[in-house]
Amino acid sequence: MSRTTPPRPFDVTALFPQLAPLARTATRLHPRAGSPSRHDSSVGGPLLWPAGEPWPHCDGPHTWEQVDMAFSLEQERERRGIRTEAGSRPRQDPHPVRHEAEEGTIDDEPDPCSPWPGGPIAMLPVAQLYVRDISRLRPPPGQAEADLLQVLWCPFDHPDHPRTALLWRSAAAVTDVLDSPPEPFGVQFPGYLPQPCLLAPEQVTEYPHFLELSKELRQQLGEWHRWQAAGAVVDSSYAAAPEEFYRNNLSVSPGWKVGGWSRWGLTDPLPRTCRVCDSAMDPLLTIATTEWNAGTGSWAPEGDQARDPLPPGTPPANYTFIVLAQGYDLQLHVCPASSDHPHLELIQ
């Protein structure tokens, strides 16, 4: 099903022409619950993985601080009604995990003398993106034949969010598929298990976050008289801080996306340079907790709120069930010079 972001309230470059050369195209992914196959672009779906290639594991450290508990992968899937072939998959030894029962009791107390969890942890699929579905997705230098990006993570904090792994491959080269990849015994938080979702990619135009603009342009965006030329489109409630209208409605789109501009809010903009070659890194993928919130509701796809009622007890528009850092997003940036250089993980 296609999803369409409503047109922006007006062309912001008509009021602020300095923004025009800063425009970027982002691809909003619009994940919604479904039953993806390994041949689909998806969030939380099965990966097209070669049978002869080792499955990624995280070597840690995974140190239990005797505060948190791990959640059973199987129980969390059962709670959500997710059907998988997990019963036939290799599952790691649950020791020393403890499970939380519905009554609030705790079974299988971990041994306080043991690491938590013990040994390397099998990583979980987070996203699989085919270039055929996302035209703005570009393979890294030296991998022109690659047409499939796969993202996995360790479902335990490192130190305050899951550690990710990025892999590019040629889908046509995968002739013998791994049917039953290994899985971790559990996740640190239920929000680290992605709900299987299909995607409805859509291209939108973005402009830099307010904090990334020049001092002169930030000052202009904060002058109410300049916005009055847009008429009633800009509500007078923004008169005291018109730059908030720009932040919420005209700059960076919310939710899962490929490319575009980086989002800020938890901190001011930070340097995003490759620690190997000092190249400026490019935004690759935003893994979002919510598709929109109270401030960014104008970005909700047309009719979406009425068509897709949100399940109770989750953050607004939390279709993937992922919750990061109490509601923030994980933005992955890559070096344009080499895929061998480490990528950057940014919580904002």
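An open sheet of six strands runs in the order β2-β13-β3-β9-β10-β11, with antiparallel pairing. At its edges stand β2 (32–33) and β11 (162–169), each with a single partner strand, so one side of each has no neighbour in the sheet. Strands here are DSSP E runs of at least two residues, helices are H or I runs of at least four, and both are numbered from the N terminus; two strands count as paired if DSSP finds at least two bridges between them. Within the sheet, β3 (residues 42–43) and β13 (residues 197–198) are antiparallel and joined by two bridges, with Ser 42 opposite Leu 198.

The model is predicted, so local features need pLDDT of at least 70 and side-chain atom pairs count only at pLDDT 80 or more, while totals for chains, interfaces and linings use all residues. Residues are numbered from 1 along each chain as its sequence is written, and side-chain values use heavy atoms, leaving out hydrogens and water.

Strand β1 (residues 24–28) pairs antiparallel with β14 (residues 202–206) over five bridges, and Arg 24 has Glu 206 as its bridge partner there. β1 also runs antiparallel to β15 (residues 257–259), with three bridges between them; Ala 26 partners Gly 259.

Most residues other than glycine have a negative phi, and most peptide bonds are trans. His 30, in the loop between β1 and β2, has a positive phi near 50 degrees. Phe 321 is not a glycine either, yet its phi is about 65 degrees. Two cis peptide bonds turn up as well: Gly 60 to Pro 61, with omega near 5 degrees, and His 158 to Pro 159, at about -10 degrees.
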